[in-house]
Amino acid sequence: MTALLRADNVGVAYGRAKPVDDVSLTLAAGELMVVVGPNGAGKTTLMKLLTGEISPSGGQVILDGEDLARIPAWRLASKRAVMAQATRLAFPFTVAEVVRIGIDSVGRALTRADRERTIGEALRAADIGHLTGRSYQTLSGGEQQRVQFARTFAQLKAGQRMSDRQVLFLDEPVANLDLAHQIALMESAATLASEGVAVIAVLHDLNLAATFADRILVMHRGRAHALGKPADVVTRANVELIFGVDICRENGSADGLPVVLPQNYARSRMERGAA
Amino acid sequence: MTVLSFNRASRLSRRSLLAGLALAAVALRPGIGRAQAAQRIVAAGGVITEILYALGRQDLIVGVDTTSLHPPEAMRDKANVGYVRALSAEGVLSLRPTVLVAIEGAGPPDTVKLIAEAGVKVERVGEDTSEKGVVERIRVIGRLAGVEAKAEELAAAVERDFALLKQQRDAVTAKKRVLFVLSLQNGRAIVGGKGSSADAIIAHAGAINAAEAVEGYKPVTDEGIISAAPDVILMMQRGNHAAAPAEVFALPAFSATPAAARKALVTMDGLYLLGFGPRTPEAARDLMAAVYGLNGDSGSRRP
Amino acid sequence: MTMIAEAATVSTLFASQRRKLAVAGVLFALLMAALAVISLGSGAVKIAPARVLEVLRGWVAGDPEIMASREALVIVSIRMPRLLLGAMIGAALAVSGALMQGLFRNPLADPGLVGVSSGAALAAAFTIVLGDRIFGTVSAQLPFILLPFGAFFGGLASTLILYAIATRHGRTSVAVMLLAGVALGAFAGSLTGLLSFISDDRQLRDLTFWALGSLSGASWTKVMVIAPLVLPVLLAVPMLARGLNALLMGEAEAFHLGIPVQRLKSAAIVMVAVAVGASVAAAGVIGFVGIVVPHLLRLMFGPDHRMLLPFSALLGATLLTGADLLARTMVAPAELPIGILTAAIGAPFFLWLLLRRDRSLDA
């Protein structure tokens, strides 16, 4: 299987600071990769490099065999969709309009009926059908996040006309969601992956990451600290080293996925209080 | 279509329109309209209106601008075409004038051009503030109104008046310094410097412009006023409102001038003072009297 | 074929929105047409409606006898160019406002922010004050011929300078442009102030008059000069609608959605500079149209630029035509500066809109 997305020794430097330094990875079609790491580890910057939002100061990104820097925006839009951490709107669009804007450019060749079907499908995938006519600005943070997921989803679906080799980027897509919707959104992403879309998501919840990821990339101080199967990467040693948190790791579910529980938390809090 | 125009001016204009309908048919054709009887004048500039009234040819006027404050009946009896620098082409044309008599500064230029293109003769009248300028202005307007003889009479009278003024002026031995203050907002004074119309009337009145150091109408600093050392402060009277000596001389800059000692503040009607029409020698004489004949009280001269 | 419920809802929603817009579009067009007819029929010179029609027919047919009449002169040489100029400038200002607000993602942005007004004002002051000294001996009227050109190129130049300042490595920072616009505006303002200080009495009054804005002095020549600048912009502007919609979510998002963001920003800025520069050159500074019109439309129909841009053109044209109709009939045969009217109508209306919106947001 050829890599759909490949990063060769990419890095970016602002003066002496290197938010991302010498990261290499490959992502195959149908694969779901989760990026984890503490705040400031370079996860979001890595996503920006991989989506083409910023150019690397070293190395290069190859998307579907082409140098990312050479693909014009309009063609890029059919090959990958990006859901950013939080999207604010300056003006009060309705939910349906926000999703429609997602496909205005890439879905220009679609018929009106096809466009509306795509939008409907996206609204259903994000479980926001009941919000269709609401103003985006009046929604809660979690609802807005689901609308943005729907917009990204619609863009992928509309882009499939032009390219069936697509990548979905999700930067902390579940940050504001309740547990049920966290799982629902990741399930939608997993479904897309099963249809052949390569998915790369930044998550904070190690358990959620372990549940849905084919592979997990652990970022630490701008570098790729570990990359591999959840069971191999989410280890007590890695978590201790990177997050500074002592965990109790168990093979919780039947298929051997790791379950992470912080431990000795109460004790360390007491120590802090005493100090 | 007339719903919006219910003001006095347009009612007047409609009335004059009806009255002038018979004439207009003739007047509209260029060439024929030059006949004296059919002359319909729009006066753009206070001095023009003033001279036409002085010549007794107010009957020819169909419209005046907002600076036509003398005589007062001009604004009352004639249609108002707005500020002399913001004329409206259609507004002027609606009065069916044969000629637009305008001071040099009348405009905007595009509008005046449109009016000229519509077949209305546009006559420009100079704004020269010298004795010769004033007299020439009367002659030019007299010619336009078809009353050369009358204008010659008035011009001669004004010339005589100027000659008399010159005698009186020459009799002045110790010239006084007069500072013309155009406006006084938040204690900041805009004064009439060299080349301004105020400069000219001060000279006609046989006094020295205390603000000779600046060009035109300019704001000056408090220290500028003190160093100008005016013996008399001259201001315009706006409507019925005149600045009170107590107010003016309470300002630090003015309190330190020689004028403050005698509370020497002269206020005069703006058009009378700075119009440069037939009343100018008289205005200059009034100013002279106020400046040199002051007995410690402030003089307020009305036309 | 299975039709999922959400798709049906979306279809209904969009269809009802389209119907609403179609009805509104027709109503706006009718309003504009009615105002155009009333404008041609009213003014200081009273002309009976039947005669107006006669003149228009004569004009179309080229009847020399009718064209020689005074009514024809008033309608064809004065009212018609004024109507066209007012409509074009109203459309240009409203569309420029909508573009700027979309570009800066700020409902209070106006064309003045990109330096068009300050640059145009400086250039105008320059021609009025120094034109006299340089060309004074040639012709007293020359500064007024140069003025529109000066204003136009002044507006364009200051916009391009700002653009150059705000662009680094091929990316234009909207925030930098906004701040630089404030600084450049202050600088241009001080130079304008300096020029007005050294100007004489007459020049000073010309400056003030120009700053107030007026459509008086509209002529076919002006229409012919302004139309080739403004009309292409008005025709091209709907092409930016999708891009501006995406841009409202942020520049990165717009890029991800397939919008060539840098090209979009450049196009919008140049279009505004050209349209506003031409408008300012022809009629001076006319405020409030660029803020009130797009804002009103957003409150009525939402922020979609595919509606907002063409409707702004239509409603802007209507608003300025209406304001000018009032300006030239209210105190006829004199006329009011139109800037006074647009602000007098616009400002309270705007406040009312804001109050109303706040209440609906609170609820």
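Reader: Why is helix α2 of chain B largely enclosed by the rest of the structure?
Author: This is a predicted model, in which local features need pLDDT of at least 70, side-chain atom pairs count only at pLDDT 80 or more, and totals for chains, interfaces and linings use all residues. Residues are numbered from 1 along each chain as its sequence is written, and chains are lettered from A and ligands numbered from 1 in the order in which they are written. Helix α2(B), residues 46–54, is largely enclosed because the buried residues number 9 of the 9.

Reader: In what order do the 5 strands of the open sheet in chain B stand?
Author: The pairing is parallel, and two strands pair if DSSP finds at least two bridges between them. β3 (79–80) and β5 (121–125) of chain B have a single partner strand each, so one side of each is left without a neighbour in the sheet. The order is β3-β2-β1-β4-β5.

Reader: Which residue stands opposite B:G63 in β3(B)?
Author: Strand β2(B), residues 61–64, pairs with β3(B) in the parallel sense over 2 bridges. The residue opposite B:G63 is B:A79.

Technical notes:
A residue is buried if 20 or more other C-beta atoms lie within 10 Å of its own, exposed if 12 or fewer, and partly exposed in between; C-beta atoms are placed from the backbone. Helices (H or I, at least four residues) and strands (E, at least two) are DSSP runs, numbered from the N terminus.
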